[in-house]
Amino acid sequence: MRGLESCTIGLVGMIAVGGAPQLWAQQNGGTVVAVVADTADTVTPPSLEARVEELDQKVRILERLREIAADSAAAAAKDRQSATANAKDGFSIKSADGKYTLRLRGYVQADSRFYPSSEAVTSVDNLLIRRARPIVEGAVGRYFEFRIMPDFAGSTPTLFDAYWDGKFAPQLTVRAGKFKPPVGLERLQSATDVTFAERGLPTNLVPSRDVGLQLSGDISEGLLAYQVGVFNGVADLANGGDDLSSAKDFVGRLFVQPFKSGSFRPLGFGFAASTGLERGSITTSGLPSYRSPGQQTIFRYNSSTTTPANNVFADGKRVRLSPQAYYYSGPLGLLGEYVVSRNEVTKTGVTAELEHTAWQASGSFFLTGEKNSFRSPMPKRPFDLKEGGFGAIELIARYGVLSLDEASFPTYATITSSVQQAKALGVGVNWHFTRAVKVGVNYERTTFTGGAATGDREPENALIGRFQTSF
Amino acid sequence: MKTLGLALILAGAAAPALKLEAPKPVTLLNVSYDPTRELYEDFNKQFAGYWKNKTGQDVTIRQSHGGSGKQARSVIDGLEADVVTLALAYDIDQIAEKAGSLPTDWQKRLPDNSSPYTSTIVLLVRKGNPKGLHDWGDLAKPGVSVITPNPKTSGGARWNYLAAWAWALRQPGGNEAKAKDFVSRLYKNVPVLDAGARGSTTTFVERGIGDVLIAWENEALLAIKELGPGKFEIVAPSLSILAEPPVAVVDKVARKHGTTEVARAYLEYLYTAEGQEIAARHFYRPRMPTVAAKYANQFPKMTLVTVDEVFGGWKKAQATHFADGAFFDQIYQPGQ
């Protein structure tokens with residue numbers, strides 16, 4: 001600014017002392033300059049007032065150009081690549097046009113498991129890392145995204161998610177890789193969002209992860225969501241990789257939220273199904289074992305290392321059916337699902353179709369008034385000692401039943417070690433410090449039919465605590 | 001037992017559905033061009049009240065303003081506009097073609113080619129018109145400083161340019177070569193190219209630069225009313241262009257946000273008597289005959305030509321005049 005003023009004063013001074021040219025030409029760039037010529041022989045110079053006016057315009061133009069350049073620079077700065085960190089997206093790097101992103105996310109769950117007054121439980125009370133999962137996500141171009149999520153909590157690292165998404169329209173996303181087949185409702189909920197530390201009994205009967213290709217989308221602004229896909233096919237509860245046979249599983253799910261307003265608006269319900277063929281062998285059975293809410297094995301198909309010829313294995317059709325529903329209204333959340341899993345199994349040439357079923361109804365309620373949903377909410381007042389924030393308190397309860405086909409016994413499973421039915425009733429409380437940090441404790445009592453040398457297995461009382469950090 | 005279990009689940013899910021809830025509040029983003037700030041501030045308040053009365057739903061409308069071409073590029077690059085209300089149809093065509101966010105025949109979805117109001121281009125001069133500027137021809141004379149925004153970024157600037165070109169074509173003996181020469185001389189008189197029309201108004205009115213501002217009629221009338229009463233005059237040129245700023249729902253974004261219904265209603269409300277009144281109060285020429293008649297006196301009578309009849313439509317005009325290497329690039333070199 002001082003430079004411009006000096007320039008102006010200097011120019012004015014120069015003109016004032018008679019240094020002005022005789023003939024003024026209009027200059028490119030639009031400076032206002034009068035061309036004054038009385039005759040071919042005599043040229044009248046512009047008046048002093050006109051010259052000062054001209055210089056004033058020049059200065060104003062220069063200042064304005066500088067202003068515009070500053071505005072352009074500020075606008076360009078906004079478009080530059082950015083690195084951000086927040087609770088929603090974790091740590092992320094984004095290209096200037098937003099089409100390329102890389103997000104580093106993850107979560108860790110440290111659990112305590114205690115089994116008070118549970119005589120039949122063989123596991124010891126334990127402190128453990130339940131999940132330790134870094135997540136790398138990103139977008140490569142306008143339509144394409146990816147996600148990779150291993151788990152380092154077990155004795156060996158395991159790959160859970162590794163997939164590619166082509167998001168072409170809200171109505172069509174193509175997913176290829178390893179991910180959750182869309183069957184169980186609670187299984188489709190993220191491990192960071194489930195209300196209890198462990199998912200309920202129906203999750204025993206649906207696959208965990210599988211490799212496949214899926215089409216999905218939302219139609220009519222979320223009124224109808226669909227997923228259809230073809231997968232290698234894995235046993236119930238399994239995290240699959242390679243297939244045991246060439247036959248594939250076909251999976252489909254429809255979920256509707258038909259009410260746009262009114263009391264039933266928060267209601268969503270749907271139906272999922274899968275069908276396929278599985279061909280196991282006496283060495284690789286292709287069959288699952290099932291767990292209690294306290295993560296004790298409560299059912300397994302007969303197998304033996306000493307007489308492997310008598311081992312049971314998958315040998316034919318595998319079908320799963322699952323009606324499911326949820327309802328989230330204000331602080332209240334309800335979730336229910338029912339699962340049927342039919343498997344053809346063989347032992348020493350004798351084949352049977354076994355039908356196992358499970359269902360659960362679970363509910364949660366935020367005492368602190370947060371809006372409940374399929375995903376964990378952001379606390380209204382995140383935990384902050386300085387600001388007086390306490391976080392969110394969530395009460396939880398559920399009841400579930402797992403019923404194993406009576407025909408499983410005694411040929412395909414042993415009633416003295418595998419239960420025929422499990423009924424679990426659980427209650428608990430979660431304290432969401434922030435969206436990223438949750439501490440919970442839940443108690444679940446499970447009673448059994450069968451599963452002991454004489455009569456019924458002793459009930460399991462599981463007290464599970466969880467410290468969860470996700471980002 | 002299985003049937004009972006299923007029944008319990010569904011009954012449990014439906015049981016608490018006892019109370020009625022108000023519709024969830026919704027937010028719209030209207031990405032618009034430079035001079036419509038005041039229009040939509042006013043219109044948004046009116047529409048929010050109308051929508052609340054009609055549906056019980058609270059709607060908040062956020063506004064984004066800038067040069068029309070620049071705004072269109074932002075939407076193409078991912079700015080999540082529920083609706084766009086831009087300066088010219090070509091910019092929305094670009095969004096449809098490059099981002100696929102709405103169908104290419106979007107102009108057929110609302111009346112009047114989706115242009116609920118029109119405007120034109122006039123000349124704003126300083127009080128007393130000291131340089132004696134009365135028509136387009138005067139703007140190319142030596143010693144005249146002309147303020148107009150950059151046609152590369154501003155929709156209004158493209159209307160300005162085409163209006164000048166159309167005038168030159170319609171002069172006796174007018175042809176493309178003469179028009180090009182005239183517009184070339186005119187742009188040699190332009191010292192500052194702002195990115196948008198509002199920036200040019202600031203340059204002329206607030207910074208005191210230039211002898212004449214080529215401006216949207218509504219912007220010129222607003223400048224006289226609010227920015228410099230008694231300091232400026234409008235000169236209606238002998239010929240100008242009928243500007244038809246269009247509006248459209250960006251389907252892809254609206255679907256994603258769940259705002260399709262309210263976004264449509266928002267634009268349709270522009271065509272109602274209330275919407276047309278607001279447009280007229282902000283110096284846009286209303287389409288509705290009754291409202292147009294009521295406000296006829298505030299708009300000067302001018303001969304107006306259209307882009308279609310003089311330039312063969314926006315696509316052709318864009319390719320001939322504003323595309324990279326086209327006429328504008330040939331006649332205007334920054335810094336010369």
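**Figure 1. The largest cavity of the predicted model.** The largest cavity holds about 160 Å³ of space. Its lining is made up of 22 residues, and those closest to the centre are Gln189(A), Thr195(A), Tyr328(A), Ser364(A) and Glu394(A). In all, the structure has six cavities of 30 Å³ or more. The model shown here, as in every other view, is a predicted one.

**Figure 2. Strands β15 and β16 of chain A at the largest cavity.** Two elements of chain A each give two or more residues to the lining of the largest cavity: β15, which covers 332-347, and β16, which covers 350-366. The greatest contribution comes from β16(A), with four residues. Sorted by class, the lining of this cavity consists of 10 polar, seven nonpolar and five charged residues.

**Figure 3. Chain A as the setting of these strands.** Chain A contains 20 strands and three helices. Of its 471 residues, 47% are buried. Among contacts in chain A with a separation of 6 or more, 61% are between residues 24 or more positions apart. The accessible surface of chain A is about 21,900 Å², and carbon and sulfur atoms account for 60% of this area.

Figure 4. The average pLDDT of chain A is 86, and 88% of its residues score at least 70. Residues 1-41 of chain A have a pLDDT below 50; in the model this stretch makes 57 contacts beyond near neighbours in sequence.

Figure 5. For chain B the mean pLDDT is 88, with 92% of the residues at 70 or more. Over residues 1-20 of chain B the pLDDT remains under 50, and the model gives this stretch 31 contacts beyond four places in sequence. For the complex, the predictor reports an ipTM of 0.72 and a pTM of 0.57.

**Figure 6. Helix α8 of chain B.** Helix α8 of chain B spans residues 197-206, and it is largely enclosed by the rest of the structure because nine of its 10 residues are buried. A residue is counted as buried when its relative accessible area is under 20%. After α8(B) comes Gly208(B), which has a positive phi, near 70°.

Technical notes:
Residues are numbered from 1 along each chain as its sequence is written. Chains are lettered from A and ligands numbered from 1 in the order in which they are written. This is a predicted model: local features need pLDDT of at least 70, side-chain atom pairs count only at pLDDT 80 or more; totals for chains, interfaces and linings use all residues. Side-chain values use heavy atoms; hydrogens and water are left out. pLDDT is the predictor's confidence in each residue, from 0 to 100. Contact means heavy atoms within 4.5 Å. Buried means under 20% relative accessible area, exposed over 50%, partly exposed in between (1.4 Å probe, protein chains only). Accessible areas come from the Shrake-Rupley method with a 1.4 Å probe; for residues, only the protein chains shown count as cover. On a 1 Å grid over the protein atoms alone, a cavity is a set of points where a 1.4 Å probe fits but cannot get out, and a pocket is an open set with protein on both sides within 12 Å along at least five of seven lines; lining residues have an atom within 4 Å of a point. Grid points are joined across faces, edges and corners, and a volume is the space filled by probe spheres set on the points. Ala, Val, Leu, Ile, Met, Phe, Trp, Tyr, Cys and Pro count as nonpolar, Asp, Glu, Lys and Arg as charged, and the others, Gly among them, as polar.
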